[in-house]
Amino acid sequence: MLEALLKLFGKKEPSGKVAHNRLKVVLIHDRANVSPEMMENLRNDIIEVISKYMDINKKEMKISLADDDDSVALVANIPVSNMRHEKRKDDEPASKN
Amino acid sequence: MSEVFVITSGKGGVGKTTTTANLGVGLAMRGKKVVLVDTDTGLRNLDLLLGLENRIMYTLIDVVEGRVPYKKALVRHKKHETLYLLPTSQVKDKSAVNPEQLAKLCEELRKDFDYVLIDCPAGIEQGFKTAIAAADVAIVVTMPEISAVRDADKIIGELARAEKTDIRLIVNRIRPQMVEKGDMMSMEDIDDILSVKCIGQVPDDELVVTSTNRGEPCITIDKSLAGQAYRNIVGRLCGEDIPFMTFPKEGFFARLKHALGM
């Protein structure tokens, strides 16, 4: 209710909550001992695999570890710029009626 | 049965030494025989907080190097007669004491004292490893600040790696009104992140500054909110079941005003 009110008045999220959320994320990385290098390698491998099936916007792609209630989730946001369609049957030009 | 506590934090300036001084005085006020061991060699301050800076003859370094027996280095508090300080050297550095030496000393201290409180230096290097070596219980002090909580998490990880399983948390310098407004993490928020048994929340209190100026820990001041928080913590350490203190809250209308940005 209060949150809805705050949104209505265009108030920012309370900074204590922001700190709490930022900490949760940073501690996932700290605890897992995941190096930026490993994340970069993971990112490149994911790009390689997905690129076999579709064109993706590599620059906009984001992967991160996130807190998902009691577990850790790997969250990937991968914008698809173009589906590869040359091999798909139903993409053939439809006959004119 | 005596217990050895180490007071640690990772980050500097969160109130390790203040906490050590207050808990020490508090336990002594209950008639316990307490020794406070300063392991912050080169940056000692526990003597200042207790008003004992002019009475130091020998230090922890003299003791571990075998020049004097530890009893000769102890400084007895005048007001609290069951409280003793084992000061460290201001000229040597952290490499002057190793974990084995401190563990051996603590074994001796256990025979004579109910509580041994070790004031740990900031950081996770040798000074930290030495300070935690002999501890039964680690008290991690943190603040409702993003960097202090992250460092506390690191320290908790390091303690676990050193097989220290009894870890308790104190959240220091809470500003209740900021928490109320949502602009500061609460004890519950920090508890949620660190998942360590919390034994106290200490409000930010000007009396901590003024009492430190005088070399008398605020736990002796009846009207001090921080002093009350420390008295509660001492009670909990002695096994009493004391509810967490609640801070005076802002009323509904004040909250609504804040919410509306008035």
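Student: Between which helix and which strand of chain B does the loop with Ser195(B) lie?
Tutor: This is a predicted model, in which local features need pLDDT of at least 70 and side-chain atom pairs count only at pLDDT 80 or more, while totals for chains, interfaces and linings use all residues. Residues are numbered from 1 along each chain as its sequence is written, and chains are lettered from A and ligands numbered from 1 in the order in which they are written. Helices (H or I, at least four residues) and strands (E, at least two) are DSSP runs, numbered from the N terminus. The loop with Ser195(B) lies between helix H9 (187–194) and strand S8 (197–203).

Student: Is Ser195(B) buried or exposed?
Tutor: A residue is buried if 20 or more other C-beta atoms lie within 10 Å of its own, exposed if 12 or fewer, and partly exposed in between, with C-beta atoms placed from the backbone. Ser195(B) has a positive phi near 45° although it is not glycine. Because it has 11 C-beta neighbours inside 10 Å, Ser195(B) counts as exposed.

Student: Is Arg173(B) buried or exposed?
Tutor: Arg173(B), also not a glycine, has a positive phi of about 60°. Arg173(B) is found in strand S7 (residues 167–174) of chain B. Because 22 other C-beta atoms lie within 10 Å, Arg173(B) is buried.

Student: What pattern does chain A follow along the sequence?
Tutor: Chain A contains 3 helices and 4 strands. Of its 97 residues, 4% count as buried. Read along the sequence, the pattern of chain A is α-α-α-β-β-β-β.

Student: How far apart in space are Leu74(A) and Ser64(A), C-alpha to C-alpha?
Tutor: Leu74(A) lies in strand S3 (residues 71–77) of chain A, and it is exposed because 12 other C-beta atoms lie within 10 Å. Two residues are in contact if their C-beta atoms, placed from the backbone, lie within 7 Å. Leaving aside neighbours within four places in sequence, Leu74(A) is in contact with Ile63(A) and Leu65(A). Leu74(A) and Ser64(A) are 10 residues apart in sequence, and their C-alpha distance is 5.8 Å.

Student: Is H2(A) roughly parallel or roughly antiparallel to H7(B)?
Tutor: Axes are lines fitted to C-alpha atoms, for helices over the stretch in contact, and angles run from 0 to 180 degrees between N-to-C directions. The axes of helix H2 (residues 15–32) of chain A and helix H7 (residues 146–161) of chain B come within 10 Å and cross at roughly 30°. Angles under 35 degrees count as roughly parallel, over 145 as roughly antiparallel, 65 to 115 as roughly perpendicular and the rest as oblique. Therefore H2(A) and H7(B) are roughly parallel.

Student: How many charged residues are in the contact of H2(A) with H7(B)?
Tutor: Among the residues that make this contact are Arg22(A), Asp30(A) and Arg31(A) of H2(A) and Arg150(B), Asp153(B) and Lys154(B) of H7(B). Ala, Val, Leu, Ile, Met, Phe, Trp, Tyr, Cys and Pro count as nonpolar, Asp, Glu, Lys and Arg as charged, and the others, Gly among them, as polar. The contact has 6 nonpolar residues, 1 polar, and charged residues numbering 6.

Student: How many nonpolar residues are in the contact of H7(B) with H9(B)?
Tutor: H7(B) and H9(B) pack at an angle of about 40°, with their axes 10 Å apart. The contact is made by Val149(B), Ala152(B), Asp153(B) and Ile156(B) of H7(B) and Ile190(B), Ile193(B) and Leu194(B) of H9(B). By class there are no polar residues, 1 charged, and nonpolar residues numbering 6.

Student: Which handedness does the crossing of H1(B) and H11(B) have?
Tutor: Helix H1 (residues 16–29) and helix H11 (residues 225–237) of chain B pack at an angle of about 65°, with their axes 9 Å apart. A crossing is left-handed if the near helix is turned anticlockwise from the far one by less than a right angle, and right-handed if clockwise. The crossing of H1(B) and H11(B) is right-handed.
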